[in-house]
Amino acid sequence: MGDASSAEKLKAVYRLLLECYGPQRWWPAETPFEVMTGAVLTQSSAWVNVEKAIGNLKAAGKLSAAALRDMPAADLAALIYPSGYYNAKARKLKAMVEWLGTYGDDLSRLDRRDFEDLREELLGVHGIGPETADSILLYALGRPIFVIDAYTRRLYPRLGIKPDRDTYDAWQRLFMANLPREAATFNEYHALIVRHGKESCRKKPRCRGCCLSGACPAFSP
Ligand code: SF4
């Protein structure tokens, strides 16, 4: 999958996005545990609603693994109501903190785990799929893995860049085989893709003024 053409294109898009928006300095959270919580809450939800749910947890003094574990699921669901799918997400957060409890809620113990084993373990936790697992690995734990999301899968085909198959793993391999394996780059690049997907390359793209227009076969004035 690693080839000079894909590598050049992916790096060129990164440079253009960085020039356009500047560093995004993700993830917007105060602690790694807040990142983990946000990664679950953002599933099928706009970030503005996740912020409200996180704000409720903070205001109630419940934004910790122990607090989430100890509170009734119904109370947790009520606090995270703004994020949508609140009953399902309460169950997912409960599963995540139960799992974290097996490490004594100590994220530094996760840091010491073998990367592949840790990812497999995360994927075995109820409610944690590849995008959520990789968001946690990259943004909470600083591991070098590229996060694939709907913004990525919408933008790159428009730019004429896509993997052989439209699967999460194939998309991830495309980026990881063609970029330096650095957490800082993966962190910034994914954040820039999200920013661009929200501002310009929306479902109905706003091509006029788009900073990628010169490199985009799908440009439509
Ligand atoms: S030119 Fe249009 S389609 Fe291409 S990246 Fe920009 S917004 Fe998306």
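**Surface charge and aromatic pairs**

Asp114 is partly exposed, as its relative accessible area is 43% (buried means under 20%, exposed over 50%, partly exposed in between, with a 1.4 Å probe and protein chains only). The model is predicted, so local features need pLDDT of at least 70 and side-chain atom pairs count only at pLDDT 80 or more, while totals for chains, interfaces and linings use all residues. Residues are numbered from 1 along each chain as its sequence is written, and side-chain values use heavy atoms, with hydrogens and water left out.

Asp114 lies in the loop between α7 (107-111) and α8 (115-123); helices are DSSP runs (H or I) of at least four residues, numbered from the N terminus. On the surface, Asp114 belongs to a patch of negative charge together with Glu116, Asp117 and Glu120. Such a patch is made of residues with over 30% relative accessible area and no salt bridge, with like charges joined within 9 Å. A salt bridge is a side-chain nitrogen of Lys or Arg within 4 Å of a carboxyl oxygen of Asp or Glu.

Rings of Phe, Tyr and Trp (its six-membered ring) pair if their centres lie within 6.5 Å; planes under 30 degrees apart count as stacked, over 60 as edge-to-face and the rest as tilted. By this rule there are 13 aromatic pairs. Trp99 and Tyr103 form an edge-to-face pair, because their ring centres are 5.6 Å apart and their planes stand at 65 degrees. Trp99 is buried, with a relative accessible area of 9%, and Tyr103 is buried, also at 9%.

Phe146 and Phe186 are likewise edge-to-face, with centres 5.4 Å apart and planes at 75 degrees. This pair links distant parts of the chain, 40 residues apart: Phe146 is in the loop between α9 (130-140) and α10 (150-158), and Phe186 is in helix α12 (residues 183-199). Both Phe146 and Phe186 are buried. One aromatic cluster is formed by Tyr14, Phe146, Tyr156, Phe175, Phe186 and Tyr189.

Terms used. Patch = residues over 30% accessible without salt bridge, like charges linked within 9 Å, V, L, I, M, F, W, Y side chains within 5 Å. Areas by Shrake-Rupley, 256 points an atom, 1.4 Å probe, with all protein chains shown as cover. Lys, Arg positive; Asp, Glu negative; His and termini not counted. Charge placed at Lys NZ, Arg CZ, Asp CG, Glu CD. Helix = DSSP H or I, 4+ residues; strand = E, 2+ residues; numbered from the N terminus.
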